[in-house]
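This note sets out points for a colleague who has the model at hand. It begins with a local detail and then turns to the contacts between larger parts.

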Amino acid sequence: MKKYSPELINKLTDKARLLRCHVVEMIARAESGHPGGSLSAADMIAALFFHKLRHDPLKPDWADRDRMLFSKGHAAPLWYAALGECGYFPKSEFARLRECGSILQGHPDMLKTPGVNMSSGSLGQGLSIANGMALAGRIDGKDYRVYVLLGDGEIQEGQIWEAAMAAGHYSLDNLCAVLDFNGLQIDGRLQDVMNPEPIPEKWRAFGWNVIEIDGHDMSQILAAYDDAGEVKGMPTIVIGKTVKGKGVSFMEHAIGFHGVAPTEEECKQALEELGCG
Amino acid sequence: MGKKVKKQKSDEATKRWVSGMRDAFSEALYEIICEDERVILITSDTGAVCHDLIKANFPGRYINVGIAEQNMVGVAAGLAMTGYIVYIYAIVPFVTMRCYEQIRVDLCCMGHLPVTAVGVGAGFDYNTLGPTHHGTEDLSLMRTLPGMTVLSPSDSVMAAAFARISYELPGPKYIRLDRTGLPLIYDKDEADFSAGLTHLREGKDVCIVATGRMVKRALSVAEELAGKSVSVSVVDLYRLKPLNRELLLEILGKSARIATIEEHFITGGIGSLVAELMAENCVYLPLKRFGIPDDFCREYGPRDYLHSLYKLDLQSVARAVSDWVKG
């Protein structure tokens, strides 16, 4: 496995921690939101925004930028946290999550928020749009990459498999899906609600390069994205095994925190645990 | 981008142009694709030979996504968000209802992307394929979407013009086509379809507002009734959205009664549209709506036969209008 400098690992791990702090704080302040799935994906998203993505916060519409899409739109707070930290908009906006007139709404809206490359909220649609962007990149001869964050419950949607088939068929090696495999959805465990497993085998069968990692291990995350960039002739999915609510003891593995905001007291405790209290 | 490809026009395609709406549209779209490298056509394995020219000469800009319409809309959105002007093509129910939420979210809600959904098979066009293939609620569904332009051509001249109009208009569009040939209503060189509707014929007793294939039917009814001293006005309502309210109201006000006719469920189509317009604008005139009643057609047979089942054939409509006028 590739070696990454401790400085880089530490920097990205700390960025992920910071993103988690923003997520908890903004959801608590808004008194509504989805903390669990934002916290679980924070490490994989931090690695992209603060290391891997070719992007320029001052030019959100730069034609040659890598495209980052959140197909699981309910993880919007994580997206906003990353965009704000990168400088797409002032971090003071975090305090206005879900407020009237705010640029940060309950689900991502590309018409409101700089850096949001695609609106989402209705699950299962982002991979198809990523396909379109990846195809456009190929037709235009551009070397940007397209990353799309998928939820594990989301892959129960049929459209995901239409899109998976198409990406495999078109050999979209400029496309990288990131699966936040935290094992929980709003009504319970995936395997109880509607079991999508075996997940890696399914994607392989659709013609994808599959990389399975611990979605909280920064070295594995970086190596996965690097490997994905080197694979030719097929799209890659990074399946990150994660813990829903990661980083906050009472939110970890807790289905109740899929879509429920922490109270003021819980927020305080969470921020202390995350080291930003 | 920007490189122009020399236009290639096959004689066979030119011949088809005058007969079928679908072919006329495809031929015109081919010309646009020749001119502009940003234009892409996506199909979902529809087997339409009318796309052969595009497929043969621009394989890179003809994408067959397989039988997967939901993905087709998403791919179109992704391409449009990257600067392309995209056409998606399938039989009416599959390019509207199968992927309705994708159209709503990806094309309309996300910022009015320049994607045109082309549905072939208006009404009972696929007469022998049963209710799965009938296009009987598409106008209703598409006109309720914010930002969507809804076009329903009545002949091949108009269908060809709509290829160009849809290319030039911003935002999402829906075009409802017939497969087959129709007698032409418009002259190719003189037609201007910017108004959204055409007042084809004046008449004081009844104004029939029609769309698509039923425009020709309305004209025939008017002709038939002219000999029976019933004066019928005919409006071709080819752009349902955005609606030219002022012009339509002005025309409606000139007749004693209003009728609508469409190869579409009565619910939600142009009958509903005209009723809404009249009610909102205090046009207190009798209204009769001809269309498909609130049930699926499970009969199979020639299209004219299916029309007769719902009293949309020439004689039934003419009789109903005549009886209505003569009280």
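Predicted model: local features only at pLDDT ≥ 70, side-chain atom pairs only at ≥ 80, totals over all residues.

1. Asp14(A) and Arg17(A) are three residues apart in helix H1 of chain A, residues 6–30, and therefore stand about one helical turn from each other. Their side chains form a salt bridge, with an N to O distance of 2.8 Å. Side chains of opposite charge can pair when their charged atoms come close. Over all chains, a search of the whole structure gives 26 salt bridges.

2. For chain B the mean pLDDT is 93, and 94% of the residues reach 70 or more.

3. The next point concerns the interface between the two chains. Contact involves 23 residues of chain A and 25 residues of chain B. The size of an interface is often given as the accessible area lost when the parts come together. Between chain A and chain B the buried area is about 1800 Å², and carbon and sulfur atoms give 59% of it.

4. Which elements give two or more residues to the side of chain A that touches chain B? They are helix H5 (126–140) and helix H6 (158–169) of chain A. H5(A) supplies the largest share, nine residues. By residue class, this side of chain A consists of twelve nonpolar, eight polar and three charged residues.

5. How many salt bridges does the rule find across the interface of chain A and chain B? The number is zero. Polar contacts are found there: eleven residue pairs, both residues of each pair being at pLDDT 80 or more.

6. Chain B is itself divided into domain 1 (11–177) and domain 2 (197–326), and the C-alpha centres of these domains of chain B lie 26 Å apart. Each domain contributes to the contact, with 31 residues from domain 1 of chain B and 31 residues from domain 2 of chain B. The two domains of chain B bury about 2300 Å² between them, of which 59% is on carbon and sulfur atoms.

7. Across the interface of domain 1 and domain 2 of chain B, the rule finds two salt bridges and 19 residue pairs in polar contact, both at pLDDT 80 or more. On the domain 1 side, the elements of chain B that give two or more residues are helix H7 (138–143), strand E5 (149–151) and helix H8 (156–168). H7(B) gives the most, with four residues. The domain 1 side divides into 13 nonpolar, 13 polar and five charged residues. In chain B, the side chains of Arg303(B) and Asp125(B) meet in a salt bridge at 3.4 Å, N to O.

8. Most residues other than glycine have a negative phi, and most peptide bonds are trans. The peptide bond from Glu197(A) to Pro198(A) is cis, with omega near 0°; Pro198(A) lies in the loop between helix H7 (190–193) and helix H8 (199–205) of chain A. The bond from Lys241(B) to Pro242(B) is cis, with omega near -5°, and Pro242(B) is in the loop between strand E10 (239–241) and helix H10 (245–252) of chain B. His253(A), although not a glycine, has a positive phi of about 60°; the loop that holds His253(A) runs between strand E7 (236–241) and helix H10 (264–273) of chain A.

Conventions
Residues numbered from 1 in each chain as written. Chains lettered and ligands numbered in written order. Heavy atoms only, no water. Contact = heavy atoms within 4.5 Å. Buried area = accessible area lost by both parts, 1.4 Å probe. Salt bridge = Lys/Arg side-chain N within 4 Å of Asp/Glu carboxyl O. Polar contact = N/O pair within 3.5 Å; in protein donor to acceptor, adjacent residues only side chain to side chain. Nonpolar A, V, L, I, M, F, W, Y, C, P; charged D, E, K, R; others polar. Domains from an automatic or database assignment. pLDDT = per-residue confidence, 0-100.
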